[in-house]
Amino acid sequence: MNRDGARKSIWQEEIKTFSLDPALAKCYDVAIVGAGITGISTAIRLQKEGKKCIVLEASNIGFGTTGGTTAHLNDFFDTTYAQAIKDVGLQNAKLLKYVGIEARNIIRNNIRQFNISCDFESKPAYLFALDEKQEKKLDDILKGASQVGHPMAQTDDIPFPFAFKKAVSIPDQGQFHPIKYIKGLAEAFINLGGLLLEECLCEGHDEKEDVVILQSSKGRVSARSVIYATHIPPGVNILHLMNAPYRSYAIAFRLKGDCHPMELGYDLTEPYHYYRTQKINGENLFIAGGEDHKTGHADDTGECFSKLENYVREYFDVDTAVYSWSSQYYEPADGLPYIGVLPGSKGKIYTATGFRGNGMIFGTITSQILGDLILNGSSKYKDLFDPARIRPIAGFTNFVKEQAVVVFDFVKDKMLTERINSLTELSDGEAKVVKYEGESYAVYKEKGGKLHLIKSTCPHAKCEVRWNSAEISWDCPCHGSRFNINGRMLTGPTVKNLQRIEL
Ligand SMILES: Cc1cc2nc3c(=O)[nH]c(=O)nc-3n(C[C@H](O)[C@H](O)[C@H](O)COP(=O)(O)OP(=O)(O)OC[C@H]3O[C@@H](n4cnc5c(N)ncnc54)[C@H](O)[C@@H]3O)c2cc1C
């Protein structure tokens with residue numbers, strides 16, 4: 001299985017493929033673009049309800065963040081209930097609590113109904129404060145959880161080797177193998193008559209009175225409704241200003257003495273560390289995650305792995321790091337995801353984005369929300385997650401400031417683009433954005449000397465891409481589009497490649 005980065009994630013051992021290339025029908029009820037957890041979960045829901053569905057995936061199932069996740073199924077979200085009460089009121093915060101309950105039920109039911117073997121386990125999670133500042137945060141989290149009726153209990157004992165100030169346990173959380181799960185769902189979807197097209201890039205749409213026509217690399221597809229389950233919608237949309245791309249890092253360790261914590265764990269540092277164990281090929285591996293930063297804002301992304309590994313080695317008896325990978329998520333302006341009608345659409349195009357680090361749950365609940373909107377025209381979550389909302393809250397101001405940093409960096413990039421007289425000044429394995437005879441290029445020199453040269457201006461919003469040494473990719477700091485060393489698009493919102501210059 002391929003993924004949108006050079007490193008191999010723990011889930012990529014899953015090799016089942018879908019080499020289908022069915023003839024396209026004239027018109028579908030629903031076309032779903034993107035085959036991650038959001039797209040596949042929504043496709044099976046609608047196909048089960050009798051809709052004729054097609055899934056279009058630019059690469060392969062799980063190519064996006066679903067192939068680079070850590071797949072905790074936790075329902076205390078990155079946006080805490082305390083924060084949600086402040087921002088959207090107690091009733092809405094209570095509604096948010098049901099998202100977790102219902103999403104986990106959907107996952108359980110899918111696993112049961114389609115007999116999917118995906119290492120699903122229900123288990124408790126532990127949140128722990130490592131210093132006084134974190135303790136205050138935890139108190140706030142506990143208070144918010146109690147106000148919405150989310151079970152969280154203080155505990156003196158955690159299954160992780162940290163000296164903590166305060167900790168809580170949260171029952172009935174979970175974990176699974178995300179790729180086994182979505183591949184099981186994809187198989188069921190196909191068995192129910194759904195069509196899945198891999199290597200099929202959706203390049204644009206034309207929304208007419210009664211139908212949407214999608215332009216794709218495999219031809220035109222017509223559908224009564226379209227869902228962009230692409231993690232961030234492609235093309236240019238207001239949602240790109242409301243979501244900031246972030247990278248997070250994960251390492252799967254073999255620990256000495258097989259003393260792996262079997263529960264889910266999280267500290268409250270900023271950014272926080274997250275922990276769980278997964279059995280792969282009969283062996284337990286301990287997965288730690290963290291070191292998050294805004295996409296394109298780390299000088300040396302390789303260093304993020306070293307920091308994470310050094311931190312984990314301080315507390316755990318590490319034998320080896322077996323897998324290490326990074327992936328992308330989106331921070332929404334007001335902390336809640338955008339799930340519903342795509343802004344600017346006449347009502348037949350839907351999307352789901354802004355999941356923060358909780359996309360297993362929000363991607364799953366998308367199947368219920370968009371399923372209900374398409375089938376019945378309403379959903380109890382419609383207003384809470386409406387992509388057309390604008391909430392003037394405190395978080396929003398910070399967000400706008402953050403976006404201003406992007407704009408500044410963008411200008412700075414343009415002005416300071418390094419001048420070099422000759423591309424051969426690069427060392428092996430090095431990459432740079434360079435100015436060469438009046439044009440900006442992104443150049444990467446392989447170990448062994450081969451140069452890869454591409455135009456460096458992202459076709460989406462004309463920002464300059466930055467080098468990501470950890471995943472050997474060029475990442476756009478503005479909206480998160482990513483490209484490989486030959487300019488091929490890895491991650492949207494762009495639907496275009498960077499122009500490759502043959503040397
Ligand atoms: C390191 C890391 C750890 C995480 N851990 C957790 C966790 O423990 N628990 C949790 O709940 N969440 C976690 N998350 C978040 C979660 O993984 C994501 O929110 C979720 O996987 C997003 O799924 P998706 O289906 O919406 O998007 P994706 O999985 O990114 O799928 C989108 C798909 O759309 C395709 N696509 C894009 N553009 C086009 C186009 N134009 N045409 C056709 N196809 C297209 C892509 O190729 C891709 O396959 C984590 C995120 C990161 C980065």
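Reader: Where is the place of H231?

Author: Helices (H or I, at least four residues) and strands (E, at least two) are DSSP runs, numbered from the N terminus. On that numbering, H231 sits in the loop between β10 (219-228) and α6 (239-242). Its phi is positive, about 75 degrees, although H231 is not a glycine. Before going on, note that this is a predicted model, where local features need pLDDT of at least 70, side-chain atom pairs count only at pLDDT 80 or more, and totals for chains, interfaces and linings use all residues. Residues are numbered from 1 along each chain as its sequence is written, and side-chain values use heavy atoms, with hydrogens and water left out.

Reader: Which domains does the domain assignment give?

Author: Domain bounds come from an automatic or database domain assignment. Here that assignment gives domain 1 (29-56 + 190-240 + 335-396), domain 2 (124-172 + 242-332) and domain 3 (398-501). The centres of domain 1 and domain 2, taken over C-alpha atoms, are 30 Å apart.

Reader: How many residues of domain 1 are in contact with domain 2?

Author: Contact means heavy atoms within 4.5 Å. By that test, 15 residues of domain 1 touch seven residues of domain 2. Another view is buried area, the accessible area (1.4 Å probe) that two parts lose on being put together, summed over both. Domain 1 and domain 2 bury about 1,000 Å² between them, with 56% of it on carbon and sulfur atoms. Our friend H231 returns here: together with Y338 and R356, H231 supplies 43% of the area that domain 1 buries against domain 2, more than any other three residues.

Reader: Which side chains meet in a salt bridge with R356?

Author: A salt bridge is a side-chain nitrogen of Lys or Arg within 4 Å of a carboxyl oxygen of Asp or Glu. The side chain of R356 pairs with that of E331 at 2.9 Å, N to O. The rule finds one salt bridge across the interface of domain 1 and domain 2.

Reader: How many salt bridges does the rule count altogether?

Author: The count comes to 24. One of them joins the side chains of E199 and R488 (3.8 Å, N to O). E199 lies in the loop between β7 (195-197) and β8 (202-207) and R488 in the loop between β24 (482-483) and β25, so this pair ties together parts that are 289 residues apart in sequence.

Reader: Which peptide bond next to P271 is cis?

Author: For a cis bond, look at omega. The bond joining E270 and P271 is cis, with omega about -5 degrees, and P271 is in the loop between β12 (264-267) and β13 (274-280). The bond from G492 to P493 is also cis, its omega near 15 degrees; P493 is found in the loop between β25 (489-491) and β26 (500-501).

Reader: How many helices and strands does the protein have, and why is it called as compact as a globular protein of its length?

Author: The protein has nine helices and 26 strands. The radius of gyration is taken over C-alpha atoms, and the globule rule is 2.2 Å times the number of residues to the power 0.38. The protein's radius of gyration is 22 Å, close to the 23 Å that the rule gives for 503 residues, so it is as compact as a globular protein of that length.
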